[in-house]
Amino acid sequence: MAQPPGYADPQFPTKVCRLKKALYGLKQAPRAWFQRLSSALLQWGFSNSRTDSSMFLHFGASTTLIVLIYVDDILITGSSSQQISPLITRLDSVFALRDLGQLSYFLGIEVSYHEGYMHLSQTKYTSDLLHRTTMFNTKAAKTPGAVGQNLSKFDGTHVEEITQYRSIVGALQYLTITRPDIAFAVNKACQFMQQPTTAH
């Protein structure tokens, strides 16, 4: 902990207020945790990804390490298991860490391994979404949208629950990670986020 900028006491520069509450329960805890973890990774030679602020990369002479952070979940991968193990040990020496082994489920994405390749799927995520929208027992279709139907903002009547529509469309956007075949239909649904109707 350090004194906040603008409130630093020049007479006692190393003294700070003692919290009588666990840092984990505070609103600023995720930010403080991420700051501490990212600072450690940057000191160890990692660089922050330009495309994703929660991804850290380390390029060695012949190896690459990738660390992905989501709140308090950390995913570590790389081109060499001999480089991954020391990193996990180093992280464990600084932070309270529990190694869950090989990746099987992360942020709604299921991972299975078959003879040298990984298969990503979102079966449980899709099932949960279908249950949430009460569409689990509906009839399946080969195309992810009505063929030849052009949607318009004037079709149908306005939806009362705009938040529910936006939530479902957002969940469908996340589903396109493993199901790019629905991307066009989801994109069409996204175009009517402002004022969705029953047709959408």
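# Notebook: a predicted model

I began with overall size: the protein has a radius of gyration of 23 Å, while a compact globule of 200 residues would have one near 16 Å. I took the radius over C-alpha atoms, and the globule rule is 2.2 Å times the number of residues to the power 0.38. Along its principal axes, the C-alpha trace spans about 70 × 50 × 30 Å.

I noted the ground rules next. This is a predicted model, where local features need pLDDT of at least 70, side-chain atom pairs count only at pLDDT 80 or more, and totals for chains, interfaces and linings use all residues. Residues are numbered from 1 along each chain as its sequence is written, and side-chain values use heavy atoms, with hydrogens and water left out.

**Entry: elements**

I looked up the helices and strands. The protein has five helices and seven strands. Both are DSSP runs, numbered from the N terminus: helices are H or I with at least four residues, strands are E with at least two. From the N terminus on, I read the order α-β-β-β-β-α-β-β-β-α-α-α.

**Entry: burial and contacts**

I checked how much of the protein is buried. Of its 200 residues, 21% count as buried. Buried means under 20% relative accessible area, exposed means over 50%, and partly exposed is in between (1.4 Å probe, protein chains only).

Then I turned to contacts (heavy atoms within 4.5 Å). Among the contacts with a separation of 6 or more, 40% come from residues 24 or more positions apart.

**Entry: helix 3 with helix 4**

The axes of helix 3 and helix 4 come within 11 Å and cross at roughly 165°. Axes are lines fitted to C-alpha atoms, for helices over the stretch in contact, and angles run from 0 to 180 degrees between N-to-C directions. Helix 3 and helix 4 are therefore roughly antiparallel to each other. I wrote down the scale: under 35 degrees is roughly parallel, over 145 roughly antiparallel, 65 to 115 roughly perpendicular, and the rest oblique.

Helix 3 passes helix 4 in a left-handed crossing. A crossing is left-handed if the near helix is turned anticlockwise from the far one by less than a right angle, and right-handed if clockwise.

Which residues of helix 3 and helix 4 meet? On helix 3 I found Y125, T126, L129 and R132, and on helix 4 S167, I168, A171, L172, Y174 and L175. The residues of this contact divide into seven nonpolar, two polar and one charged. Ala, Val, Leu, Ile, Met, Phe, Trp, Tyr, Cys and Pro count as nonpolar, Asp, Glu, Lys and Arg as charged, and the others, Gly among them, as polar.

**Entry: helix 4 with helix 5**

I moved on along the chain. Helix 4 (residues 162-175) packs with helix 5 (residues 183-190) at an angle of about 155°, their axes 10 Å apart. These two helices are therefore also roughly antiparallel to each other. Helix 4 passes helix 5 in a left-handed crossing. The contact is made by Y165, V169, L172 and Q173 of helix 4 and V186, A189 and C190 of helix 5. I sorted these residues into six nonpolar, one polar and no charged.

T133 lies in the loop between helix 3 and helix 4. Is T133 buried or exposed? T133 counts as buried, because its relative accessibility is 16%. Its C-alpha atom is 7.9 Å from that of I168, 35 residues apart along the chain.

T134 is exposed, with a relative accessible area of 72%.

**Entry: positive phi**

Most residues other than glycine have a negative phi. I noted T134, which has a positive phi of about 50° although it is not a glycine. I also noted E115, with a positive phi near 40°. E115 is in the loop between strand 6 (109-114) and strand 7 (117-121). At 84% relative accessibility, E115 counts as exposed.

**Entry: W33**

W33 is in helix 1. I listed W33 as partly exposed, because its relative accessibility is 23%. What does W33 touch, not counting residues up to four places away in sequence? I found V71, D72, I74 and F95. W33 and D72 are 39 residues apart in sequence and 8.0 Å apart in space, C-alpha to C-alpha.
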